[in-house]
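I opened the model today to look up helix packing, the ligand site and the backbone. My entries follow in that order.

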Amino acid sequence: MNVRDPFNLHRSPAFSILRVSATRAAATVTQRVVDAGAQAIESGKQVVEDMSAFSIPKNVPSFTNPQRELENRVWGASGVTARSGGSHSHGGLMGGVQDRVGGFFERDRGDLPMYKDKPYSYAASRRHRPIWKRKRTMGLVGLLILSALYLFGFFGGDTPTSKRATSTWNWLHKPEEGSNVDWLDRRERVKEAFMLSWDAYERYGWGYDEYHPVTKHGKQMTPKGMGWIIVDALDTMMLMNLTSRLTHAREWISNTLDYNQDQEVNTFETTIRMLGGLLSAHYLSTEFPDMAPIADDDEGAAGEDLYLEKAKDLADRLIGAFDSPSGVPYASVNLKTNEGVVSHDDGGASSTAEAATLQLELKYLSKLTGETMYWEKAEHVIKVIDDNGREDGLVPIYIYAQDGKFRGENIRLGSRGDSYYEYLIKQYLQTSKEEPIYEELWDEALAGVRKHLITYSKPSQFTVLAERPSGLGMPMSPKMDHLVCFMPGSIALGATGGLTEKEARKLPTWNKRKDEEMQLASELTHTCWGMYKAMATGLAPEIAHFQIDDPPLPVSAPHKAPTTLSDEDPSWKEDFVIKPNDNHNLQRPETVESLFYMWRITGDVKYREWGWEMFKSFVNYTAVDEGGGFSSLSDANTIPPTMRDNMESFWLAETLKYFYLLFSPDDLIPLDKVVINTEAHIFPRFKLGPLFKTGWERKPRGPDGKILADQPVKQVTRSVGVRAAEEVKTAGVS
Ligand code: DMJ
C-alpha cells in the first residue's frame, strides 16, 4: 500500500488542526485589537507582526534585495550604524586590527570585535536606527494600519477571520506541479509551523524546559528551569523576524533565567544549546539589528549585552567540567558549585563527541571577552584526543576524563562519535583557515571514514557510512543512525570551505580528492533521503540498518543507487532494514541540515525539493490536535503514526531553521562567512589576532596516524592526511 501521501488532506487531522489553530490565533488578534486602546502605540508593532500568519507573507530581509540595499545606503549615509563603516572608532590596543563582525560581509574583512568591558574596543551596537525604524514611529504606523483594517471590517467577526485562516492554509490543497516554484512562499509555510509550535509552547508550557504537546504541559529539567526551549529558539526567531515573540523570550531571560542552581547538567547539551543559543543571539542581534528589532538591546539600553552576559555567566559555571586530571571534560557539571561530575554510565567515561563539541562555543566566547582561558581549555581536549594516535583519525566513542584514554574500540559517526568530526572542520573554518592543524585532522579522519566505514548496500547499492563496533579491522556493522546524516553536509562544507562548488572548483587548491568528497557527500545525502522515503510517514527512523554483502564492498567498488526513489517500483526499499525498536522519529535535523549545505554548495534544486517533501511530511504527520504544536513520533512507520508527546527544543532551534534557510535566498547567512554549531546556532568566522594561537602541535606519527615512539614533538605536515586519502583507493574492507 502506498501510504505516503502528504497531499491526502482528507485523511489528515493535522491540517484541520492547523486551520483551527490559525482561526484561534486570528481570533486572538481580533481580541488584541479590541484591547488595544491606550496601549496601541506600544503594542501596535507587536500586533502587526502577530498578524503576519494571516496576511501576505512578510519576508526576512534578503541582503541583496533592493529594499535592503536602499536601507543600507540610507543607514550608511546617516553615519550612525556599524555597517556604514568608518562610523566607529576602534580604540584600544587593537584599534587598527579589530573590526566589526559585519566586516565579514563586506569586501575588506577585518577581525572580530571584543566585548566592550574588556581592554579592547568592541563595536557599538547597531541599534541606533533611523526615524522610521524607531519604536514610537512604528507604533503609530501600526496603529494606523490597525485602524484602517478595523474600519474596513477586517476584524469584524468570525466570517472574515475564518476566510483568512482558510486561505492561509490553501497551500495544502493546491497542486504543486510546474517549474515556477515560489520558494519564499514555501519558506512562509515553515515560519507558520514555527509560530504554531512556539505559540503552543507559550500557551501551555511557558518557561518550562520540556514541552509535551499532546498532554499540553511543560516540565523543568532543573529546579528553576534553564530556558531550554526559549534560549534554543532565540536565533530562529531573529531569522524569521518574530519580534513580539522574541521580546517575550527576552523578558523571560532577563527577569527569570538564573543559572545559579544546585543542579547537575550535561556539559555538552548545555553548551551547544544554551551557551550556543545565547552567543548566536548575541551575534545576530548585534550584526543584523533589523532582524526582529527590539528596543531593550538598543545601543546604551539596559539590556544591550543581556545575551552575552548570560552566556559568560553560564560558561563560568560549565568550565568547571574541564577540571579533570587529563583536561577532558566530565560528562556533567554542577551549575552552582561549578564542579565536574563523572559520567554515571559507560564506566565513568565521557562521550568523545560530547568532550570535543564545546570548542566553537568556548573559542567564540574567548574572542568576544578577550579571556583566553575558555579557548585554552577547549583546544586542549583535541590535543589529548590526538595524542592517543588512533589509526587513520578514527576514534572510539568513549574517553576517560581521568587519563584521556579511550574506553573500548567502538567507532562510529552516529551517537557519541558524530560531532567530534564535525567540529574538526568547523574549527578550521571558524578561525578563517588560520589553524591548519584542524584541516589536517579532518582530512585524516575523512580519509579514514572512506577507507574503513564506507560500503554499499544490496541490491540497490546505496552508499552506507557504517560502524566498526569492535574497532578497525573487525567486522563492520551496516547501520546508520539518523545522526550520521550531518556528515554529507559537513563533507561538502569541508571540500569547498563554504563557497559554492562552482567557485571552489576555480581555486588552485581544488583537486581530485575534493571531487571524490563531493561525490561521497552527494551519495550519502541520497541515502539519508532514502531513510525518509522508506518510511510510511515519509519521516526517517532513528536508525536504519542496511543489507550488505559479506565481505562488505570496499569504497572503490563500482556502485550506482537508483536516482528516483519511487513507490511504483519500491524494490529499492529492500536495502533498508528498519527494526521496530528504531522506527521512532525525534524531529531530528541532520538530513535537512545536509540538504541545506548541499543546496547552497551545489545549487542542485533537488535538495530543496526533497526538503519540501520532508517538511510536508512533518506537517502532515506530526502536528498535534488543538493547536498543541508538533510532536516527535514513537512509530513513524505506521499510519496514523504514534505520537511520543514531546516537542524537542531542536525542532525549533535546528529542524525548522534549516528548512527556513533551505528555502531562503542564499545571501541570508552566507556559508563562507559563518560557522554553524552542532545545534544550528550561528557564529561568525574570525581571525586569530594577537591574543590567540593554536596552542599545540601534533606528535610525530606514521602514515597510519599512529604515534611514533620516542620522537621529538614537531609540527606534522599535511602529508599524513593526504597519504591516508591516497590509500583509500586501494584499501579493501574487512
Ligand atoms: C542536537 O542536539 C544536535 O544536533 C546534536 O549535535 C545531536 N543531537 C541533536 C539533534 O539530533
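**Helix pairs**

I began with helix α16 (residues 487-496) and helix α18 (residues 512-533), whose axes come within 8 Å and cross at roughly 160 degrees. The axes are lines fitted to C-alpha atoms, for helices over the stretch in contact, and angles run from 0 to 180 degrees between N-to-C directions. Helices (H or I, at least four residues) and strands (E, at least two) are DSSP runs, numbered from the N terminus. I noted α16 and α18 as therefore roughly antiparallel to each other; angles over 145 degrees count as roughly antiparallel, under 35 as roughly parallel, 65 to 115 as roughly perpendicular and the rest as oblique. The crossing of α16 and α18 is left-handed, meaning the near helix is turned anticlockwise from the far one by less than a right angle (right-handed if clockwise).

Next I took helix α7 (residues 228-239) and α21, whose axes come within 7 Å and cross at roughly 15 degrees. α7 and α21 are therefore roughly parallel to each other, and their crossing is left-handed.

**Conventions**

This is a predicted model, in which local features need pLDDT of at least 70, side-chain atom pairs count only at pLDDT 80 or more, and totals for chains, interfaces and linings use all residues. Residues are numbered from 1 along each chain as its sequence is written, and side-chain values use heavy atoms, with hydrogens and water left out.

**Ligand site**

Which residues surround the ligand? I listed E269, I272, R273, L483, R588, P589, E590, F650, E654, T678 and E679 (a heavy atom within 4 Å of the ligand). By class, this shell has 4 nonpolar, 1 polar and 6 charged residues. α9 (267-287) and α21 (649-662) each supply at least two shell residues, and α9 gives the most, with 3.

I then checked polar contacts (N or O atom pairs within 3.5 Å). A polar side-chain atom of T678 lies 2.7 Å from a ligand oxygen atom. For E654 the distance to a ligand oxygen atom is 2.8 Å, and for R273 it is 3.4 Å. Taken alone the ligand exposes 290 Å², of which the protein buries 93% (Shrake-Rupley method, 1.4 Å probe).

**Backbone**

Most peptide bonds are trans, and most residues other than glycine have a negative phi. I found a cis peptide bond between K458 and P459, with omega about 5 degrees; P459 is in the loop between β9 (454-456) and β10 (463-465). Another cis bond joins I639 and P640, with omega about -5 degrees; P640 lies in the loop between β16 (633-635) and β17 (642-643). N241 has a positive phi, near 65 degrees, and lies in the loop between α7 and α8 (243-255).

Key: Polar contact = N/O pair within 3.5 Å; in protein donor to acceptor, adjacent residues only side chain to side chain. Nonpolar A, V, L, I, M, F, W, Y, C, P; charged D, E, K, R; others polar.
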